[in-house]
Amino acid sequence: GEFLERIKLVHEDSFAVTDAHMPSLQMSELQNYFTAGKPILAHGHHAARFFSSVSPKHTLISFVAVPLQVAGRLIGTLNVFSFTPSKSFDEGARKMLSVLASRAASAIDNARLYDDLLERNDELRQVNGSLDAKVDELAQMNMQLFEMNNLKNDFLTTMSHELRTPLNSILGFSDVLSAAANLDKKQQRYLQNIQSSGKDLL
């Protein structure tokens, strides 16, 4: 991942250390140690392997590095340098920094989880908004279908009434014709078709 360095001097008598004077960490070497579960406490030239470059103007006296880990996952490092000859870090300082790193990692992870939660809430709010719009659209469509169904029923009722009057006349006339004795088989068949079709329409 990406590593960012934040440097702050905490001793008012310390010399001015600029970014150009700060040692450049060899992050791959630190990761190898942290992956193996080892913090780093090194002094003087023994610390050189953890840096890609060290300023010749200032001598690095002591160096402590501990991992920022969440559930075994490395999310960063906490590094402390000493350029003061009388200030060398010891195991107690390393342990104290490890406790601080553990709390810092938890705080960072909680902040990330909170940001993720806010992002998910925003996504859910957008999805809910889309669903509300779809529900409104479906409600309007249902109303339109209801109105169309009413129109269809009105149309069928009207057409049924309009058809019944002439159909009744046709059926009555076909009954009169069927009573005639001089109809051949073809004419009788036509009359039967008229009567059965007319009754189906009624």
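Let's start on helix α1: on one side of it, N32 and T35 are exposed. Exposed means over 50% relative accessible area, buried under 20%, and partly exposed in between, with a 1.4 Å probe and protein chains only. Helices here are DSSP runs of H or I with at least four residues, strands are runs of E with at least two, and both are numbered from the N terminus.

A word on the basis. This is a predicted model, where local features need pLDDT of at least 70, side-chain atom pairs count only at pLDDT 80 or more, and totals for chains, interfaces and linings use all residues. Residues are numbered from 1 along each chain as its sequence is written, and side-chain values use heavy atoms, with hydrogens and water left out.

Back to the helix. Which residues of α1 are buried? In this helix, residues 27-35, they are M27, L30 and F34. They cover an arc of only 60 degrees around the axis, so they sit on the same side of α1. That arc is taken from the directions from the helix axis to the C-beta atoms. The general rule: an α-helix has 3.6 residues a turn, so residues three or four places apart point the same way.

What covers those buried residues? The cover includes β1 (24-25), β2 (40-43), β4 (62-70) and β5 (73-82). After α1 comes G37, with a positive phi near 80 degrees.

Now the aromatics. The structure holds three aromatic pairs. Rings of Phe, Tyr and Trp (its six-membered ring) pair if their centres lie within 6.5 Å; planes under 30 degrees apart are stacked, over 60 edge-to-face, the rest tilted. Take Y33 and F50: ring centres 5.3 Å apart, planes at 75 degrees, so edge-to-face. Y33 is in helix α1, F50 in the loop between β2 and β3 (51-53), and this pair links distant parts of the chain, 17 residues apart. F50 is buried, at 2% relative accessible area.

Next, F63 and F81. Their ring centres are 5.3 Å apart and their planes at 25 degrees, so this pair is stacked. F63 lies in strand β4 and F81 in strand β5, so the pair ties together parts 18 residues apart in sequence. F63 is buried at 0% relative accessible area; F81 is buried at 17%. Y33, F50, F63 and F81 form one aromatic cluster.

Finally, the whole chain. It has three helices and five strands, in the order β-α-β-β-β-β-α-α. Buried residues make up 22% of its 202 residues.

Key. Contact = heavy atoms within 4.5 Å.
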